[in-house]
Amino acid sequence: MRKKLLTVLGILILTPILMAAVIYLGLVWYYADTYMNGITVNGVYAAGMTPEELNEILLAKTESASFTLSDRNGTSYEIPIEEMHFSYSYLDDLQSIKDKQNPLAWGYALISKEQVDHQITPKGQIDTAALEEYLMSMPLIKDQADPDNIRVEIVLEKNGYQLIDDTTDLLDTDLVIASVEEAVLNGERYINLKESGCYVELEYTDEMLKTLAMWEKVEDIQDVEIVCQFYDGNEVIDAGVISGLLAMDEETGTFMLDEEGKLVLDEEKVNDYVETLANLHDNTNGPWTFSPTRGGVITIEKGNYGYKLNQKKEAETLTELIYAGKDAKTEAIYSQRGFGSTMGNDIGSTYIEVDMSNQMMYYYVDGSLKLSTPVVTGNTSKGNGTPERVCYIYFKQRNRVLIGEDYRTPVSYWMAVYGNIGIHDATWRGSFGGKIYRTNGSHGCINTPMKAVSQLYEMAVEGTPVVMFY
């Protein structure tokens, strides 16, 4: 009886133990193919999953991106995924993570609550033949220099002289293909060809070294930016301009150097360039549109008023600035300046107006009338009529003697405006205005009452526009 009791007790004790052992061993078998508790991969909790199942989840979260090449100049080239029959897989790393775990320790992993987070990148799978074909068709490789015909040359382009140095961009195509394949298969999405050592390093010949030495001189002289400020806008003198001003030996086609071995500017080319600037910005030839006091709008075809570039001084200044080799801002040098700022119609709002039909003269300052007076202009019956012109006060003088073929006349106030024509007092006249000018006018000058001309002389400065019209 006692023996039976011991047997029953043994069964009752051993059965749970055996059952627990069976369950534990069953989970050991289960975790032999799946991840245990506490395992996280790329933020995904992996417990109970096989590597294949987790691979599918991670792939669903992975963006399919193109592969990018970057050359030594910083230019990027994108290789579309479809060109290499590309696909991702995390299986290698996922299997490695699983293989490192001990299934017998699943119980400890369950109760320890220890968390292990793995960060992995996918491996690429490609059609290497398709990738190689695409790489060889890329302009980066297809259009590169012929290794048997390497150039080191200085060439003139739109933006100035440029150096073509084939030695700096020559790629080892086999190494490029191998490096890209390796990177893609390792799950990388980018490769820098310079850092990967894909460029061929060649030794320069003596002739190439001479070209490089000359290139340093060219860079020094053309690598500046000079901004010349004109009244109606700016002109930028940069490599694109300076390259066209360099002196060249016409026979050899090479750059000319001075005694110190420096590049020199061609004086004739500089003068021609400045003349071009003058043609663009000078506006002393009219026509001018004008709104007179009497109303309406008139057009005056001739004159000498406006902005006129001092070409000689401008060429000298430009030459000095280029030789200085520093960026600079400079104002255009004018031999004559206008008062306004609009190309072709720069009279502005401060001017002297001579209405010869009405024999009236007006002086405006910033659009406000400051003086109004009758005058007497040139005698039209004798062919001395004052011409229609847009001109300016170019000279002022007190107590001048006016000398002509048949006269010698002293005046108190003289303001020269166009050739020998000027505005002055005429004390010999008893009246002004009306029709006097037709038969008893001046030799072409604007005769003005003493009080008015003295006031005008004090107010108007040299350079003030003078608009004379009928």
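User: What volume does the largest pocket have?

Analyst: About 470 Å³. This is a predicted model, where local features need pLDDT of at least 70, side-chain atom pairs count only at pLDDT 80 or more, and totals for chains, interfaces and linings use all residues. Residues are numbered from 1 along each chain as its sequence is written, and side-chain values use heavy atoms, with hydrogens and water left out.

User: Why is it called a pocket, and what is a volume here?

Analyst: On a 1 Å grid over the protein atoms alone, a pocket is an open set of points with protein on both sides within 12 Å along at least five of seven lines. The volume is the space filled by probe spheres set on the points.

User: Which residues line the largest pocket nearest its centre?

Analyst: Leu402, Tyr407, His424, His443 and Cys445, out of 24 lining residues; to count as lining, a residue needs an atom within 4 Å of a point. β22 (395-403), β23 (408-418) and β24 (421-425) each give two or more residues, and β22 gives the most, with 5.

User: How do you know that β22 and β23 pair?

Analyst: Pairing takes at least two bridges found by DSSP, and 8 bridges join β22 to β23, so these antiparallel strands qualify. Val401 stands opposite Pro410 in β23, and a hairpin of 4 residues joins the two strands.

User: What makes strand β18 mostly covered?

Analyst: Buried means under 20% relative accessible area, exposed over 50%, and partly exposed in between (1.4 Å probe, protein chains only). In β18 (residues 351-355), 5 of 5 residues are buried. Tyr351, Glu353 and Asp355 are on one side, with Ile352 and Val354 on the other.

User: Which strands does β18 pair with?

Analyst: β18 pairs with β19 (residues 360-365) in the antiparallel sense over 5 bridges, and Tyr351 stands opposite Tyr364 there. With β26 (residues 465-469) the sense is parallel, over 4 bridges, and Glu353 stands opposite Val467.

User: How do you know what span to expect for helix α11?

Analyst: The expected span is 1.5 Å times one less than the number of residues. α11 (residues 311-324) has 14 residues and reaches 20 Å from its first C-alpha to its last, close to the 20 Å expected.

User: Why are the buried residues of α11 said to be on the same side?

Analyst: Those residues are Glu314, Ala315, Thr317, Leu318 and Ile322. They cover an arc of only 165° around the axis, so they sit on the same side of α11; the arc is taken from the directions from the helix axis to the C-beta atoms. On the other side, Lys312 and Glu320 are exposed.

Terms used. On a 1 Å grid over the protein atoms alone, a cavity is a set of points where a 1.4 Å probe fits but cannot get out, and a pocket is an open set with protein on both sides within 12 Å along at least five of seven lines; lining residues have an atom within 4 Å of a point.
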